[in-house]
Amino acid sequence: MAAKELKEFTLEDVAQHDKPDDLWVIIDAKVYNLSRFKDLHPGGIAVLTDNEIAGQDATDAFYGLHRHEVLERPQYKRLQIGTIKGQKSVIYDHVVGEVSKVPYAEPTWLSPGYHSPYYSDNHREFQKVVRIFIDEVLYEDAQAHEEDGKRPSQIVFDKMGEVNLHAMRLGPGNHLKGRTLMGGIVKPEEFDYFHELIITQELVRVRARGYGDGLLGGKVIGLPPVLTFGSDELKAKVIPDVLAGKKFICLAISEAQAGSDVMGLQTTAKLSEDGKEWIINGSKKWITNATFADYFTVGCRTDDGLTVILVERGPGVETRHIKTSYSTAAGTGYITFDNVRVPVGNTLGEVGGGIFVILSNFNHERWVMCCSSARSQRSIIDECLKWANQRKAFGKPLISQAVIRSKIAGMIARAEGVQSWLENITYQMTHMTYKQQAQKLAGPIAILKSHCTHCAQETARDAVQIFGGRGITKSGMGQFIEHYYRTVTFDALLGGAEDVLADLCVRQAVRAMPKNARL
């Protein structure tokens, strides 16, 4: 279908159309005919006719009440009939893959004119390709399923699998060998934690927290124990389909009786009489991706202590949704195991050595959450700076008020601080073996995560104050602020509560104190 031809009008032309049955307005140098739409306007016809908007430039009035994306919807695009002669649009449509020009909306290394010792030209090229992929493939699916609560579309999983995003989200390692990463832009042996950081931070930009976890958050924490501790036979069966996005896996550790207290798990695994199978009984709670998982990496209590076992969905395994503050797209579920029989070959690591399997996974899990938290805070800065500049109160833009600038200053300081700290930790990871990371970085990563999520909650609270009533409304101008405020506590709890992680850091520091240290 050919594009509609738009005419040019003068301001005087538009001013003649100021009646209820003949009503035009100007928004950003574009002319819209609202004559047929006026009765459908959510605020009623009076908003258009009683506020000296009809026949006039309504740009400020529109952006004081609506997001730009409203104009991009087909039903409203059709209302545009022309442009204003001699004027150009100054409010730009989103360009797929573009870097935001709003100050502090992007990490410093992505901002024009700034430099970083951490990111190479390859990292920069990689970021561009990943952003375009996420904008084109994920964003619309994320908005739809965050709302309807269904898991991400299979076509999204398939497309991610085609470029090996599922594999890259597990970090650098042997699992990348022989794979073509993101169309070949980075070689498997060159892929490092900064590439993974980029992927995680770009995924956060879809601004759909439940969907984000539904996008195989369970795999990111549930598959590494299989990669590291599974038998060759088990890995050959499970890993290819999971990394292709054809089957799904989750980590099933937490229980109603034991959250951060891993040693308090009560799910049991007993050996069958012939010693060939585990018989598992118990339950797990708050498990990400549980409702659609095919495999479960399960922490069990055995006669020899704590043991981790891979369980395949089958007889005796039941899952059901748990209603939480964010979307059921995450597949957060409750799992029951009723005399579930599992081959002994599905044991991950040593029998009784499950605590080492679980702890070896925590550093990477918490680091990923730091990546997400740091980037999500910038999205809120972006929203608040835009809103404070376009929203007028008491005859002036919000940004003219010192108290608003003070809140935004706090947001910026927190976002810059956590990103810089995160990049330092990431640099250490790129120069350490996995064993060295476990020895040296468990405490630093734990306290970073605690700090990140504490900062995020402060930013969420201040953002609501800046947006006012819109900040607690699920649609419209403040929809992403409301969503962030409602879901930000997930990061503060998943992978370990803030207080538990802060204490872990200090306890590790105390153990490392030199014996001769004195004031």
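This is a predicted model: local features need pLDDT of at least 70, side-chain atom pairs count only at pLDDT 80 or more; totals for chains, interfaces and linings use all residues.
**Entry: the whole chain**

The C-alpha atoms fill a box of roughly 90 × 65 × 45 Å along the principal axes. For 519 residues, a compact globule would have a radius of gyration near 24 Å, and the 26 Å of this chain agrees with that. Next I checked burial, and 51% of the 519 residues are buried. The accessible surface comes to about 24,900 Å², and carbon and sulfur atoms own 53% of that. I also looked at contacts between residues at least 6 apart in sequence: 74% of them join residues at least 24 apart.

**Entry: helix α18**

Is helix α18 mostly covered or mostly open? I found it mostly covered, with 7 of its 9 residues (the helix runs 479-487) buried. The buried ones are Q479, F480, I481, E482, H483, Y484 and T487. I then asked what they pack against, and the list has α4, α6, α10, α14, α17 and α19 on it.

**Entry: D213**

D213 has 12% relative accessibility, and since buried means under 20%, D213 counts as buried. Leaving out neighbours within four places in sequence, D213 is in contact with G218, T288, N289, Y326, A330 and L494. I also compared D213 with E416: they sit 203 residues apart in sequence and 24 Å apart in space, C-alpha to C-alpha.

**Entry: H175**

Where does H175 lie? I found H175 in the loop between α8 (165-168) and α9 (193-204). H175 is buried too, because its relative accessible area is 14%, and the cut-off for buried is under 20%. The side chain of H175 reaches the backbone oxygen of A167 at 3.1 Å. Not counting residues up to four places away in sequence, H175 touches A167, L170 and L227.

**Entry: salt bridges**

I searched the whole structure and got 28 salt bridges.

- R67 pairs with E383, and their closest N and O atoms are 2.9 Å apart. R67 lies in the loop between α3 and α4 and E383 in helix α14, so this pair ties together parts that are 316 residues apart in sequence. Both R67 and E383 are buried.
- R131 pairs with E106, with 2.7 Å between the closest N and O atoms. R131 is in helix α6 and E106 in the loop between β5 and α6, 25 residues apart. R131 and E106 are both buried.
- K284 meets E255 at 2.8 Å, N to O. K284 is in strand β8 and E255 in the loop between β6 and β7, so the pair ties together parts that are 29 residues apart in sequence. K284 is buried with a relative accessible area of 0%, and E255 is buried at 1%.

Then I followed shared partners: salt bridges join E106, R131, D135, E202, R205 and R375 into one network.

Which residues make the nonpolar surface patch of about 290 Å²? My notes say V506, V510 and M513. I looked up M513 as well, and M513 is in the segment after α20 (498-511).

Notes:
Residues are numbered from 1 along each chain as its sequence is written. Side-chain values use heavy atoms; hydrogens and water are left out. Helices (H or I, at least four residues) and strands (E, at least two) are DSSP runs, numbered from the N terminus. Buried means under 20% relative accessible area, exposed over 50%, partly exposed in between (1.4 Å probe, protein chains only). A polar contact is a pair of N or O atoms within 3.5 Å; within protein, one must be able to donate a hydrogen and the other to accept it, and residues adjacent in sequence count only if both atoms are side-chain atoms. Contact means heavy atoms within 4.5 Å. Patches are made of residues with over 30% relative accessible area and no salt bridge: like charges are joined within 9 Å, nonpolar side chains (Val, Leu, Ile, Met, Phe, Trp, Tyr) within 5 Å. Accessible areas come from the Shrake-Rupley method with a 1.4 Å probe; for residues, only the protein chains shown count as cover. A salt bridge is a side-chain nitrogen of Lys or Arg within 4 Å of a carboxyl oxygen of Asp or Glu. The radius of gyration is taken over C-alpha atoms; the globule rule is 2.2 Å times the number of residues to the power 0.38.
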